[in-house]
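Please open the model in the viewer and keep the selection panel at hand.

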Amino acid sequence: MSVHLVLAALAILAARVGFLYLRPFGPCPKCKGTGHIKRGPRRRPVCPRCKGRRRVQRTGSRTVHLLARRIRDGRQAAARYQQEDRDGTP
């Protein structure tokens with residue numbers, strides 16, 4: 001029973017990480033994606049959170065992209081190191 005819960009939690013975590021990698025930006029929750037906040041009958045100032053862009057970065061997406069970049073750079077460094085070993089050049 002507990003093994004199934006652990007596997008389900010890992011699957012949910014993997015799905016969330018994949019979602020953050022593919023869709024790092026989402027609609028602004030403050031202005032609901034309009035870019036403006038209504039403060040009266042006609043006054044519509046620009047949203048202070050998204051600055052009128054209508055989208056904000058999702059929580060955790062920077063960390064996911066940083067980790068992906070580090071993994072990618074590590075693989076490239078390892079490939080270069082192995083290539084140097086094959087060629088015999090230092």
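Colour the protein chain by pLDDT, the predictor's confidence in each residue, from 0 to 100: the mean is highest in helix α1 (residues 2-22), at 95, and lowest in helix α2 (residues 61-87), at 83. The chain averages 87, and 89% of the residues score at least 70.

This is a predicted model, in which local features need pLDDT of at least 70 and side-chain atom pairs count only at pLDDT 80 or more, while totals for chains, interfaces and linings use all residues. Residues are numbered from 1 along each chain as its sequence is written, and side-chain values use heavy atoms, without hydrogens and water.

Next, display the cartoon. The pattern along the sequence is α-β-β-α, with helices (H or I, at least four residues) and strands (E, at least two) taken as DSSP runs numbered from the N terminus.

Now select Cys28, Cys31, Ile37, Cys47, Cys50 and Val56, which form the largest nonpolar core. Such a core is a set of buried Ala, Val, Leu, Ile, Met, Phe, Trp, Tyr and Cys residues joined through side-chain atoms within 4.5 Å; buried means under 20% relative accessible area, exposed over 50%, and partly exposed in between (1.4 Å probe, protein chains only).

Centre on Val56. Beyond its neighbours within four places in sequence, its contacts (heavy atoms within 4.5 Å) include Phe25, Cys28 and Cys50.

Finally, select Thr34, in the loop between β1 (25-27) and β2 (55-57). Thr34 is partly exposed, at a relative accessible area of 34%. A polar atom of the Thr34 side chain lies 2.9 Å from the backbone oxygen of His36. The C-alpha atoms of Thr34 and Val46 are 9.3 Å apart.

Conventions: Polar contact = N/O pair within 3.5 Å; in protein donor to acceptor, adjacent residues only side chain to side chain.
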